[in-house]
Structure formats: C-alpha cells, structure tokens
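Me: I have a structure open and would like to go through it slowly. Could you help me with the aromatic rings and then with a sheet?

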Amino acid sequence: MEYGEFVTEVKKRLSEKLGGDYEIECKNMLKNNSCIYRGIIIKNLTDDNKVAPAIYMENWYDEFKSGKNIDTIVESIISVYTNCCKMGYEMQLDKLADDFEPERLFYRLVNFEKNVEMLSDCPFIPFLDLAITFHYLCFDKGTEIHSFRITDDIMEKWGINVEYLIGEAEKNMKRLFPDKLMSLGGMIRDMIESGNSELCFGEFEYDDVEPNMYVLTNEYGINGAAALLYSTKLQQLAAELDSDIYILPSSIHEVIMVSADTIQSTEWLKNLVKEVNFSVVNCEEQLSDNVYLFERNSGNVSML
C-alpha cells in the first residue's frame, strides 16, 4: 500500500470508528524549513471552538511498513487524540483571547531563507541568517512541549505588536527553558550509554571529538538553539577559555561552541556544518550552514 493510499484508508477507518460527531480531515502541514507533512486532524463537531493537534502520518506509515496491522494503528491514533484531550491540549480559541497570559510567550530560532513562506504570515525578528519566531506555550509534560506559533492574525486579535512579543518572551525564556551547557564529548558519551548513538555525528567517534567543544541547549533539549540569544553561559565560557568562540549551528535544538584559539581553519568548520546537515540532521531540524563568531570583548555574534 502506497503512502497516499495508507492515509486515505486510515482516514476512512477513523471515521467509521469515531462516528458522526467527529470530522476527519487530511491536510498538508507546512513545518520548519518548508518541510511538508501529511497530517490527520480530528475535530469534535459538538464543540466548534475547539481545535486538536495534527497527527502526522509519516511515523505511522513506517510502522505499517514494518508489519503493524492498520487497525492497531487506527486504535493507537485514537488513543493519541484522546490523551491529548485529557492533557488539556484542546483550547477554547475564543476564551484564549480573553485569558491570554504573557508569561507563556517564548521564541525560537529558525533559518530565514528556508522559511520564507512560513514567515510571510507571522511576526519575526531577523538575526544573522536566522529568524526569531514567537510561540505560545499551552503546556509541557516531561519532554513533551505543546505550543502554537503566533501568526499575524493572532497578534492582531490580541492587540499586541512585535516589540511586545520580544519584550515578554525575553522575560520568560530562562524560566520556561533554562539554558544548559555541557561538553560535546560528555553529551555523546551519555547518548551512547543511553542507546542513542545514532544521534551522533555520522561516523565520528567519541575519541575524535575536540576536547574544547561544548553544547549549548535548554533543559528539554528541544529547540534549544534559541539559548544562544539569552544564555549568559556563552560569555562565561569565553571568559573561562580566555578566547573568542566559534558557534556551529548544528540544529534547531542546540549549537556547538569551540574556542577560536584551537581552530586552525574556519573553512574546516564550515565544511563540517554543511556535511553534518547533509548527512545527519534531518531537513526539518537544520538551522544553518554557516558558522558564527562570538567576540568575548564586545559580546557580539557575527556570521563568518
């Protein structure tokens, strides 16, 4: 069964299982870096003000190809939807406008050029070759973070502007997403020990890692590259190493930092970032092919 046929069949069986009180919609969803994912949206027709998350089909299709029964997959999708509802993911959109809480605003970093279409209908602030986008935290549960991106329409409905968004989000970042600094070698060692060695950089071995390489992210390890904008640990690391810092935007989830005094060739760094993006980091999680420089004396970040 081809992917399109699989999605159609899942939609049909969901409709049969859930009955007439629910509407099942298949929709192409524009994600980060202009990646398109096929999502199924389950809408409860008895409450028009509620919206539910899109449930993306790619992983379910992989499970189907691995031998899982399609009826089992349908039951699992219903379970995911039900759990989202129980955890409070569904939102009263009209009520949200009245109960808007600025303490839930935060920002992320994405690639500007790869997200031109997405950025066309949402507020953002340019930063080097990146863009700062704004989001609203619905809730977090362990490693699960449920949020939505602030669009121009939402910003207008709330009666706020970009200056307000950046001001409030800046206040919230350290509280919502505490920054975290660790050595790259230590992170890779922990990943290998936890059985996640496939997340490492391709064929690089632990012993090949530059000892003065560090990772900056947040406590969740999700969209942690934004810590570059609010973490004081970058300045502290530069002071500790008594060096400027090269920043490798390895993904939207983290950046890698290395003492500029230990690097003989910036071209090697640029090629490293491009190679990792091409061979290891999936399209949606890529941040940039460029390398940045943090100057410890000025505190400025520039692009090489």
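Reply: Gladly, and please keep in mind that this is a predicted model. Let us begin with what a pair is: rings of Phe, Tyr and Trp (its six-membered ring) pair if their centres lie within 6.5 Å.

Me: How many aromatic pairs does that rule give?
Reply: By this rule, the count comes to 13 aromatic pairs. One of them joins Y22 and Y81, whose ring centres are 6.2 Å apart and whose planes stand at 90°, so this pair is edge-to-face, since planes over 60 degrees apart count that way.

Me: And where do Y22 and Y81 lie?
Reply: Y22 belongs to strand β1 (residues 22–30) and Y81 to helix α3 (residues 70–86), so the pair ties together parts that are 59 residues apart in sequence.

Me: Is Y81 buried or exposed?
Reply: Y81 counts as buried, because its relative accessibility is 6%, whereas Y22 is partly exposed, with a relative accessible area of 26%.

Me: Switching to the sheet, in what order do the six strands come?
Reply: The order is β10-β11-β13-β12-β14-β15, in an open sheet with antiparallel pairing. At its edges are β10 (179–183) and β15 (301–303), each of which pairs on one side only.

Me: What joins β12 to β13?
Reply: Strand β12 (residues 245–251) and strand β13 (residues 254–259) run antiparallel and are joined by five bridges, and S251 has E254 in β13 as its bridge partner.

Me: Which strands does helix α11 lie across?
Reply: Helix α11 (residues 266–279) lies across β11, β12 and β13, and runs at about 10° to β12.

Methods
Residues are numbered from 1 along each chain as its sequence is written. This is a predicted model: local features need pLDDT of at least 70, side-chain atom pairs count only at pLDDT 80 or more; totals for chains, interfaces and linings use all residues. Side-chain values use heavy atoms; hydrogens and water are left out. Two strands pair if DSSP finds at least two bridges between them. Helices (H or I, at least four residues) and strands (E, at least two) are DSSP runs, numbered from the N terminus. Contact means heavy atoms within 4.5 Å. Axes are lines fitted to C-alpha atoms, for helices over the stretch in contact, and angles run from 0 to 180 degrees between N-to-C directions. Rings of Phe, Tyr and Trp (its six-membered ring) pair if their centres lie within 6.5 Å; planes under 30 degrees apart count as stacked, over 60 as edge-to-face and the rest as tilted. Buried means under 20% relative accessible area, exposed over 50%, partly exposed in between (1.4 Å probe, protein chains only).
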